[in-house]
Amino acid sequence: MAELDLSKYEKILFKHVDQEGSDTIDYYLKHGGYEGAKKAITEHRPSEVIDIVKESNLRGRGGAGFPCGVKWSFVPQNTDKPKYFVVNADESEPGTFKDRVLIERDPHSIIEGIIIGSYAIKCNVAYLYIRGELVYGYEQLVKAVKEAYDKGMLGKGLFGTDYNLDLTIHRGAGAYICGEETGLLSSLEGKRGQPKIKPPFPAVEGLFRCPTVVNNVETVCNLQHIINRGAEWFKNIGPEKGPGPKLLCVSGHVNKPGTYEVPMGINLKQLIYDVAGGVWKGNKLKAVIPGGTSAKVLKAEEVDVPCDFDSMMAIDTMLGSGAVIVMDDTTDMVDALYNIIRFYHHESCGQCTPCREGTGWLEKILKRIMAGHGRMEDIDTMLNICDRMVGKTICVLADAAAFPCSSIVTKFRSEFEAKIQQGAGYDKRIFTGGPLVQPGAVSRHNQERRKDKDTPNRISLDPELISKPSQSKVETTS
Ligand SMILES: Cc1cc2nc3c(=O)[nH]c(=O)nc-3n(C[C@H](O)[C@H](O)[C@H](O)COP(=O)(O)O)c2cc1C
Ligand code: SF4
């Protein structure tokens, strides 16, 4: 597949994130900030804003890739109920660390996107729900919201019109399931963060049973650029049916892990070898998870594929949250899967039997295999459990656990057979309890990398690092 010429790519979302003071409103205003929101409110009717965003083919960056403008158009117009615009900053999919860069280093771009989205659906009260562990990000957002109120970008009479908008930042308590939109809304309502059956979809009946749009942080950061530069301009970046700039988080066994802004549709191979510096230590590529641990794994020979929603779907995986996890030929795939499944079992909210029990059974079986007591029939039992989890639950967390499991077991079956035949022996994590999930889902490798001072820095989900500003360089293509 042809490679893109990245030297011609103009950064859009990450244009300012590595500049001094990029988080302040003065910097933001000096560089054209809030012009998109002003244009939307003073030059367009709300329905026109929806039409422009629909026309741009912007698709949600939170995981499902649903068309943004189409979702907005589902919000009923003839209702007396208030409408809500909610931005999802829960960012908990293992391997995903893109939204936090925008939150920490360009928070006003999120606020501007929220203004445009709220205006489009005629909402006067918006919320941003941020994952509890992102303490620094929360502080940055609170500071930015105060600045925005002080300068009249939020509050009453925006840009000299009669449009009012209030924005509240709400901190979660750190549960993966609160990233699922209906779980998030339950949590925002003050209840346990448990997902609800859809339909009704939030656009019709969401927060406090009122029409609600939920969008991801990265999604809303595209809005001002679409308003300022037009839908046609946006559609020319990458594939027409799902275009635009894309933030991809590359972690695992690469020389230059980091968050990269690239045009949608970049070849996955080009991303790994050219942008992220190739597989570390000159090792061979073994596998890649292309869209967060909820996505089905790809083998090395399958990575010559464009990174966009439809191309990934065509090869039976997904772009998901844009978390590309690279594994070299030293990776123990049984161990990697065990690590992933422990995470999903821990995060299942427990409402649905196939998810609550299924993730638990998978963990138990994998633990048994890892401890050297696996049975050959365990392999088909795991595939059978996965079959019974997909499409049978309130939300898709069960599917998100079953997809990596069934794909890893199927594509790397011989490794499971070998481990069962040999007996893996004592694994101390099984008895002492290790870190739950590392980005990259390759825990031993991560521990090794931390000891190795010559390898590039990277974002870790270590509890001691999580509340501090991002430790990694922000890598952007230019
Ligand atoms: C288990 C689970 C976790 C999720 N976590 C997140 C998350 O952390 N951030 C996010 O934006 N979307 C997350 N999503 C997707 C949201 O449910 C929703 O589709 C998204 O926020 C919509 O925004 P978008 O249309 O802009 O992508 C998650 C979904 C599931 C099933
Ligand atoms: S699928 Fe799992 S996480 Fe989702 S509602 Fe059911 S039990 Fe909860």
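Guide: Here is a walk through the sheet, strand by strand, and then to the helix.

This is a predicted model, in which local features need pLDDT of at least 70, side-chain atom pairs count only at pLDDT 80 or more, and totals for chains, interfaces and linings use all residues. Residues are numbered from 1 along each chain as its sequence is written, while chains are lettered from A and ligands numbered from 1 in the order in which they are written.

Helices (H or I, at least four residues) and strands (E, at least two) are DSSP runs, numbered from the N terminus. Strands of a sheet pair through backbone hydrogen bonds, either parallel or antiparallel. Two strands count as paired if DSSP finds at least two bridges between them.

Our sheet is open and has 5 strands, in the order β6-β5-β9-β7-β8, with mixed pairing. At its edges stand β6 (258-263) and β8 (298-299); each has a single partner strand, so one side of each is left without a neighbour in the sheet.

Helix α12 (residues 268-275) packs on this sheet, where α12 touches β5, β6, β7 (285-289) and β9. Touching rests on contacts, meaning C-beta atoms, placed from the backbone, that lie within 7 Å. The direction of α12 makes about 130° with that of β6. For such angles, axes are lines fitted to C-alpha atoms, for helices over the stretch in contact, and the angles run from 0 to 180 degrees between N-to-C directions.

Now look at β5 (residues 245-252) and β9 (residues 323-328): these strands run parallel, joined by 4 bridges. Ser251 has Ile325 in β9 as its bridge partner.

Note on methods. Contact = placed C-beta atoms within 7 Å.
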